Amino acid sequence: MSRLNKISFLPIFLLIATLVFAVVPVAAQDEVTLRWRTRPDNQAEIDVYQAVSDAIDAEWEGVTLQYEPGNNEGSGYQNTLLNEISAGTAPDVFWIPGASVATFASEGAILNLAELAAGMEGFDGSVFYPQQMEQLTYNPETMTSGADSGALWGLPRDASSFALYVNLDLFEEAGIPTPAELQADGNWNWETFTETAQAIGALGDDIYGFGMNAWWANWWLWVNAAGGGFFNEDRTACALNSDETTAAMTFLSDLYGTGEGVPYGTDAEPPFIAGNVGMFLNGRWATPNTVAQAQFNWDYAEVPAGPNGQSNWLFWGAYVVNINSPYAAEALELIARLTSVDVQSQVTALGANLPSRAGEDAVNAFLNAEITAGKNNEAFTNALASYAVAEAPLWSANFDAIDGAVEPLVGQVLTDGTLAAEDFGTAACAAADPLFAEAAAGS
Amino acid sequence: MAATSQVRTSLTVKRPLPTVGLPLIVWHLVVGVAALFGAYNITQLQIDALEKTNYVIQYFGAALTFIYALCSLVAVLLILQVNSNGRLISMAVNVIGFSLALAYLGQILGVYEGFDYLSGGLARNILLMLGIPLGYAVVWIAWRMHEPSSTRALLEKVGLGIMGISLMLLLLASLATPEADNVISGLVGAVLNLLGKWLSLNGLLATALAALFGAGCYVMVREAQAFGETTSQRESWQGWLFLLPNLLNFSIFFAGPLLLSFYLSFTDFSALSNANFIGLRNYSAMFTLSINPLPAGVTDATTVIPTLQTEFTRFALGNQTYVVGARDPLFWTSVGNTFRYCILLLPLSIIPALALAILLNSKIPGMKFFRAVFFLPSVAAVVGVALIWKWLYDPVIGYINYALGTVASWFGIAPPEPQWLTDTNLLLLSVVIMASWQVIGFNTVIFLAGLQGVPKELHEAATVDGANGWRRFLNITLPLIAPTTFFIVVTTLISGLQAFSEFFSLIQENPTNAKLTTVYYLYQRGFERFDMGYASATAWVLFGMIFIVTLIQFRLSGRADAYSD
């Protein structure tokens, strides 16, 4: 047997070894090869992006595209990207969250595309939501934004905003009007929101009127709706020590204190999917899972108006160009193609986000997407078009550091009450301002 | 002692230079001078990819090349003296050169990309792999036949054929999609591509270098007698040869990054821009603390804390309240959380493991099954385990609170509703319970091995002397398994001090700082706040903490060792 093994396996092994060497695809010579990457939410998105990449590759003479699906948010998309940037092996084009643009730009990791865009035929940045482009054209040297600011850090891949995911069955059981009905009557505000949450919560010990997850955009939304803000006008200091912040935190503290909210810090999505939560605040990205899992009637609703009117976020991320890419012009061209109406329509059809283009064709493609046909998708588009504020990169300090200092204080207010709502603003600024000072000293 | 005398012998006995000595001397001279030239050139290169880390990796590479050059030149001198150590150094230089030349050849041929590409092809055509177990099954049936026969030989051939053909088909199918139009053209194109790369200047150079280094090594292996090789010397170099792959792997992928991280801890490296040397600033920011008396009637700590510091904690001595300010209070919070976690983890993962091991050490039917069952959580991924426990802990739809509520209803009392993942008093316990559940199986198996080494005679003698089970456990079992216990305590503590995944996966959403362990904090600084320099410094401080704690444990383990003899 041993002889047979030797005789039989040696040529097989040699052949396999040869083939392993040989199977490397023959790359076309004299072609520009662009590597690009984006953070997908799921495998369906990876498939769509791959198809998009293949289609662009096929029609683009002289350019070969290599699409590299990045890890998703939970499995280290940013970690991998950082390692590759530090090693000089990052792709030519990659996606980063909107809030990270300042860090990547000020650290010199991404290319300012303003000059290239100015010379590019048919380039029009105004087709995207202006809130996004204001951030993407911010020039830290002149502290101005706009088409002539001299800065363009990338183009927005997509957009999203918050909405309330509403369990209609619970509303029917409680016999109360839905948020959409209240809004139609012009009566959808913090007061009616609280009453609604209480009525839903009264349905049972394990039923909650409201749920939201524990990260900055959630509590900050209510601060904005109260007329307050995290930062001062030029975003160089904390501005949470205000009456408006106190009003918002008191409102939330009361809501959680009376047990109407899924305990802050608990992932509110599983209980919502299980049918135990009346109103769940989340972004469009929660839609695919809700569509797939929810066994009850549900719909979207706009976030209630606060003392200062309606408020929402415009969440976004951008395709940017690696500063070390040897093919900057082609990279910009690729970004333009990746943010076309056609591509955005394909991606938004999967349900996890909205187009970053504000035009009618892109918005209609989103509204008519089959995945949420018949639902109140306007809850998202109304916010984006009318009152959503773009999540903005912080150029004067590290936002993650400041968030890391303030978030525990939010937890203290909303979980165990060890910090009073009226003391939150002062404590938050005491924690955040040294970080601004440290950043100023460092720069 | 024996080795020393051999070295002395090799230095004192004059042997004639073997015939191959002169070419080898010339070869090592060439290699040495070329490596010296290479080391100098490496320092002069401006490799863009290494700019961000101030070319430290480049200098590290230059230093290694310089050492390699020195070795080659030293080999020249020693070979001239027909010294056996010279032969060993020559062999080492040639083996390393051979490995590097092969690695370079692989790079030129695209073998690494090839593996990558092949793995994609295998994934696409995974069904064709079914031929391998099928073929193996046929061979296995053949091997079950006791007598050699033509049927057995035929079955063996058929089985091997099935395996070989399915491998071929798998490779061809992988090759055919998606780049090639069809299998044949794809194969021909790929082979021509391979030949083209091999016949390039670099390909031929790498092949020639591999051949020369290989020949140099081969010649030296054959000249054992000429250099007076002893048995122990032969065993020694053969041992090192076996160690070589791991040694190279360790140097390149472990020691190198370790040294780099040590360097980075003295910089402001962000991963995005170039690192600037800032001396001990990261370490001083971490350790800067101040204790400030708070004047009576004043509650706002910011009035007494130095600039750039924030309040970490406050305490009272007599009537005076003091505020502890820190440049980085989160670091201290994370250290505190880590030690609290370890203090809870040790008893909760060791005592139940010992109890389980004692139970599983008994001769009850089905014990092997239970041993496997208890070990299962140890091999499960932390992230998957955390997802399950997250659901169990969920205050709304979790089974734990549901069970507690059900039990409470039996006694007619109000159901307790612990908020496992949000109550800061329960948070650490929730993580410890999950981590203990996962690690108990591993600890149990180790304890089991220890228990099985306890001589039965001692228990029998103690039983005859009238000792009950508890007394025997206390006075015989526990002391005799002390080395095992020590091992478990040390490994559990080290893993506890490095805790990250448990917290990251289970309580990432928690808004408080109760989730911050030292490694979690390190991760936040490095990957969320782009502060790789500071994160590196934190990693080295953590290393220091683990080292000190382990050292203390080793010192305390003297008594345990006394029983191990």
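Biologist: At 13% relative accessibility, does B:Thr550 count as buried or exposed?

Modeller: Let's start with the cut-offs: buried means under 20% relative accessible area, exposed means over 50%, and partly exposed is in between (1.4 Å probe, protein chains only). B:Thr550 comes out at 13%, so this residue counts as buried.

Biologist: Before we go on, what kind of model is this?

Modeller: Residues are numbered from 1 along each chain as its sequence is written, chains are lettered from A and ligands numbered from 1 in the order in which they are written, and side-chain values use heavy atoms, with hydrogens and water left out. Local features need pLDDT of at least 70, side-chain atom pairs count only at pLDDT 80 or more, and totals for chains, interfaces and linings use all residues: this is a predicted model.

Biologist: Which residues is B:Thr550 in contact with, leaving aside neighbours within four places in sequence?

Modeller: B:Thr550 sits in helix 23 (residues 532-556) of chain B. Helices (H or I, at least four residues) and strands (E, at least two) are DSSP runs, numbered from the N terminus. Contact means heavy atoms within 4.5 Å. Once the neighbours within four places are set aside, the partners are B:Val490 and B:Ile494.

Biologist: Over in chain A, how far apart are the end C-alpha atoms of helix 11?

Modeller: The expected span of a helix is 1.5 Å times one less than its number of residues. Helix 11 (residues 243-257) has 15 residues and should span 21 Å, which agrees with its end-to-end distance of 20 Å.

Biologist: Why do the buried residues of helix 11 of chain A line one face, and within what arc do they fall?

Modeller: The buried ones are A:Thr245, A:Ala248, A:Met249, A:Phe251, A:Leu252, A:Leu255 and A:Tyr256. The arc is that of the directions from the helix axis to the C-beta atoms. Seen down the axis of helix 11 of chain A, the buried residues line one face because they fall within an arc of 155°.

Biologist: Which exposed residues does the face turned away from the buried side of helix 11 of chain A carry?

Modeller: On the buried side, the residues pack against helix 9 (190-201), strand 6 (208-212), helix 10 (216-225), helix 18 (399-416) and helix 19 (421-442) of chain A. The face turned away from that side carries the exposed A:Asp243 and A:Gly257.

Biologist: Which residue of strand 8 of chain A is the bridge partner of A:Leu164?

Modeller: Two strands pair if DSSP finds at least two bridges between them. The bridge partner of A:Leu164 is A:Ala301.

Biologist: A:Arg235 is not a glycine, so what is its positive phi?

Modeller: A:Arg235 lies in the loop between helix 10 and helix 11 of chain A. At 25% relative accessibility, this residue counts as partly exposed. Although A:Arg235 is not a glycine, its phi is positive, at about 55°.
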